[in-house]
Amino acid sequence: MAEKMNNFYADSFAQARAPRADDCILEVNNLVKWFPIKSSFFKRTIGNVKAVDGVSFKIRRNETMGLMGGSGCGKSTCGRTILRLQEKTAGDVIFDGQDVFALSREQLRKIRPRMQLVFQDPYSSLSPRIPVGEIIGEAVREHDIVPKEEFDDYITRVMDVCGLPSYYKERYPHEFSGGQRQRICIARALALAPDFIVCDEPVSALDVSIQAQIINLLKQLQEEFGLTYLFISHDLSVVEHISDTVGVMYLGNMVEYAPTEKIFARPLNPYTKALFSAIPVPDPDYKLNRIILKGSIPSPANPPRGCKFHTRCDHCMEVCKYVPPRWKEVEPEHFCACHQYNDAEENRQAQEEMLRAKKEENGPVKDTEVL
Amino acid sequence: MAEKKKSSYISGKESRKITKFNRRITKKLEKERADANKDPALYTTKMRDENNVVEFDNVCTYFFSDVGVVKAVDGVNFDIPKHTTVGVVGESGCGKSVTSLSLMQLLQRPTGQTVGGQIRFNKGDGTAYNIVNTPNAIMETLRGNKISMIFQEPMTALNPVFRIGQQINEVIELHYPEMSEEDVKARTLEMLELVGIANKEGVYSMYPHELSGGMRQRICIAIALACSPTLIIADEPTTALDVTIQAQILDLLQNLKDKLNSSIMLITHDLGVVAGMADYVVVMYAGRVVEKGTADDIFHHPMHPYTIGLMKSKPVVGQKVDMLYNIPGSVPNPVSMPDYCYFRDRCEMTCGRCRGSYPPEIRVSDTHVVSCYRYYDEGTVLGYPKSVNVEEL
């Protein structure tokens with residue numbers, strides 16, 4: 001069932017995107033990542049945590065895509081699976097024309113320097129025993145990015161670009177503040193001359209004024225080196241500032257995807273609307289018009305059927321409880337999965353599907369009870 | 001680099017001297033605090049203004065660490081009026097949490113000590129406690145009862161091995177020993193309902209791990225409000241939660257404040273949260289208050305260069321800028337603070353006077369007070385923050 005549904009997602013996406021021939025560095029089709037839940041004794045799989053459950057998007061070269069959503073919606077898992085730090089469950093990831101999951105070990109090693117990751121917490125992602133120069137240079141040496149005799153110069157140059165003085169090379173991570181450490185993390189990723197960097201909440205652990213420094217640095221590096229970012233964050237104002245396109249995730253599914261201006265000007269999905277209305281605005285006169293969502297996020301191990309958001313949605317209709325919404329292009333370049341934007345034909349299909357689902361649920365015996 | 005090393009280097013002899021000095025002072029202060037039969041006159045004072053719940057008057061909280069005295073809070077002045085929300089804003093390490101911990105007397109003792117100034121807590125009958133001198137025995141009757149605290153991380157604030165019901169009961173039983181078991185349970189269930197938990201009977205017998213982050217924070221709020229305190233300290237209550245849950249919790253706090261007639265001291269680094277919640281805002285930098293006023297004063301007419309910088313560095317939805325402003329440099333070392341304005345080295349608006357000593361508090365309007373020499377001629381000088389000379393203790 002899930003398989004079928006996901007294919008359906010992918011097909012509708014591919015059809016909608018196909019006519020535009022643009023230079024995409026990354027293409028994620030229908031990516032699924034489930035974590036099995038094992039029983040305590042026999043280690044049988046008794047269920048799956050559906051962390052990422054059918055996500056598709058494309059990122060054009062030299063652009064930034066912001067990926068946002070509440071905690072536990074699978075945005076970090078998505079980022080890690082794209083880099084093949086974890087094996088996928090289904091779907092595929094095409095990086096610059098190559099299927100990342102079809103590569104052999106050796107091929108994967110070759111492609112690794114081109115896709116890098118900046119972690120959330122700069123306190124735990126740097127080894128406390130290795131000096132900064134070595135942290136940045138280790139992978140450079142491993143991948144033979146530069147000849148041996150230029151190695152030292154190269155590291156100095158990379159550090160300089162990231163705003164780190166060269167005498168930091170002999171120092172250890174504990175001597176630095178959070179902002180400096182995040183610069184070291186960025187320098188480590190940048191040293192391999194990547195094309196694509198996944199930034200997994202790079203500024204969440206930092207103070208406001210330091211955040212600004214790091215965001216500016218990321219933007220400046222992007223212009224200088226033509227980088228492409230996948231920027232994962234739950235801070236909407238940061239996402240709006242840095243991204244060209246934005247994807248919103250809820251419980252493992254992408255619910256809306258559009259260019260930044262469009263999605264912030266006119267969010268379509270009810271979850272996105274609630275999310276945007278909850279952004280705290282630094283102005284005491286601002287009339288708060290929050291849509292306060294009821295309840296909390298359901299467990300990804302046992303997500304509600306139909307539209308996953310229907311348990312908390314203001315506009316929940318009968319059909320939402322049984323039929324997952326289609327992923328469709330509601331406006332040009334503005335994708336959304338919600339039954340509110342169905343046309344007549346889709347509505348009819350959805351109604352049919354709902355009746356079928358209801359019948360399945362009730363079983364033939366209970367038919368008489370239904371009025 | 002060599003120079004840098006020199007300044008932080010401490011010889012064995014110096015280190016021993018520091019340790020000896022710290023031990024002498026902390027021992028003396030601890031002894032004073034443990035004395036339960038202290039003369040009440042020593043810790044009872046009068047409020048400056050009867051309409052305030054708490055008055056911080058030149059509070060100095062120092063940490064006697066192995067590398068020297070860290071002046072985490074150094075001459076902080078501000079008031080919390082009745083039935084209002086006061087937001088305390090600042091970067092990490094600016095002393096905002098330490099200020100609230102001094103009020104609760106929950107500092108990491110014996111290293112952390114409030115060595116000077118007064119924290120006056122209104123008793124309601126015309127007198128006030130001076131929290132700085134109040135002995136532990138009296139403090140225990142206040143903590144959780146009159147003043148209570150909501151912590152940042154709901155996961156670590158709750159005990160994983162006790163049921164939710166027990167943890168809320170504990171607070172009520174401690175402060176109202178005369179209540180019967182049934183009454184305590186009834187009160188707990190009432191609190192659970194108050195914080196918006198639908199399945200209160202079920203949650204009563206659950207363990208913390210069975211609840212989501214937002215629910216856990218609701219439990220923490222229920223524990224804090226169980227005795228209807230006059231002051232609630234919320235130390236970054238929503239930092240660990242995501243945006244939609246944050247909206248729920250802030251909404252709840254605001255409603256409960258009105259219901260219980262309490263005041264809230266809201267500590268946060270998120271300017272957006274403060275703008276939506278607070279009536280008064282206090283901006284702290286490096287252990288001192290740099291600017292305070294009503295939310296309107298701070299957000300519409302920020303005056304201190306630090307506040308202005310902080311506002312500019314936060315991206316705002318709907319306002320597109322190419323580059324975010326960032327405040328150059330970093331916070332000075334807390335062990336050896338300069339004797340001039342702490343912000344001077346990072347400030348882009350310095351004037352001639354800035355070369356002098358630390359700027360005084362200057363009142364620019366009825367509610368707006370700023371510590372910056374740029375407004376020296378525009379307002380009335382209220383006074384300079386005073387440090388405590390630790391050698392004289």
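**Entry 1**

I began with Asn58(B), which lies in strand S2 (residues 52-65) of chain B, where helices (H or I, at least four residues) and strands (E, at least two) are DSSP runs numbered from the N terminus. The model is a predicted one, in which local features need pLDDT of at least 70, side-chain atom pairs count only at pLDDT 80 or more, and totals for chains, interfaces and linings use all residues. Residues are numbered from 1 along each chain as its sequence is written, while chains are lettered from A and ligands numbered from 1 in the order in which they are written.

I looked up phi of Asn58(B) and found a positive value near 50° in a residue other than glycine. Asn58(B) counts as partly exposed because it has 18 C-beta neighbours inside 10 Å; a residue is buried if 20 or more other C-beta atoms, placed from the backbone, lie within 10 Å of its own, exposed if 12 or fewer, and partly exposed in between.

I then turned to Lys43(A), which is not a glycine either and has a positive phi of about 55°. Lys43(A) is found in the loop between strand S1 (24-38) and strand S2 (45-60) of chain A, and it counts as exposed, with 9 C-beta neighbours inside 10 Å.

**Entry 2: the sheet around S2(B)**

I followed S2(B) into an open sheet of five strands, which has the order S1-S6-S5-S2-S3 in chain B and antiparallel pairing; two strands pair if DSSP finds at least two bridges between them. Strand S1 (44-45) and strand S3 (68-81) of chain B are the edge strands, each pairing on one side only. S2(B) is joined by eight bridges to strand S5 (residues 112-122) of chain B, and the two run antiparallel; I noted that Cys60(B) has Gly116(B) in S5(B) as its bridge partner.

Helix H2 (residues 12-34) of chain B packs on this sheet, touching S2, S3 and S5 of chain B, and its direction makes about 145° with that of S2(B). Contact here requires C-beta atoms, placed from the backbone, within 7 Å, and axes are lines fitted to C-alpha atoms, for helices over the stretch in contact, with angles from 0 to 180 degrees between N-to-C directions. Helix H3 (residues 96-104) of chain B lies across S2, S3 and S5 of chain B, at about 105° to S2(B).

**Entry 3: where the chains meet**

I found 38 residues of chain B in contact with 32 residues of chain A. On the chain B side, the elements giving two or more residues are helix H9 (213-225), helix H10 (243-260), helix H11 (271-277), helix H12 (295-300) and helix H13 (305-313) of chain B, and H10(B) gives the most, with seven residues.

**Entry 4: nonpolar cores**

Which residues touch the most other members of the largest nonpolar core? Of its 188 residues, they are Ala187(A), Ala222(B) and Leu266(B), a core being a set of buried Ala, Val, Leu, Ile, Met, Phe, Trp, Tyr and Cys residues joined through C-beta atoms within 7 Å. H9(B) supplies the largest share of this core, eight residues. Leaving aside neighbours within four places in sequence, I listed the contacts of Ala187(A) as Ile136(A), Val158(A), Met159(A), Cys162(A) and Leu164(A).

**Entry 5: chain A as a whole**

I recorded eleven helices and twelve strands in chain A, and noted that buried residues make up 43% of its 371 residues.

Methods: Two residues are in contact if their C-beta atoms, placed from the backbone, lie within 7 Å.
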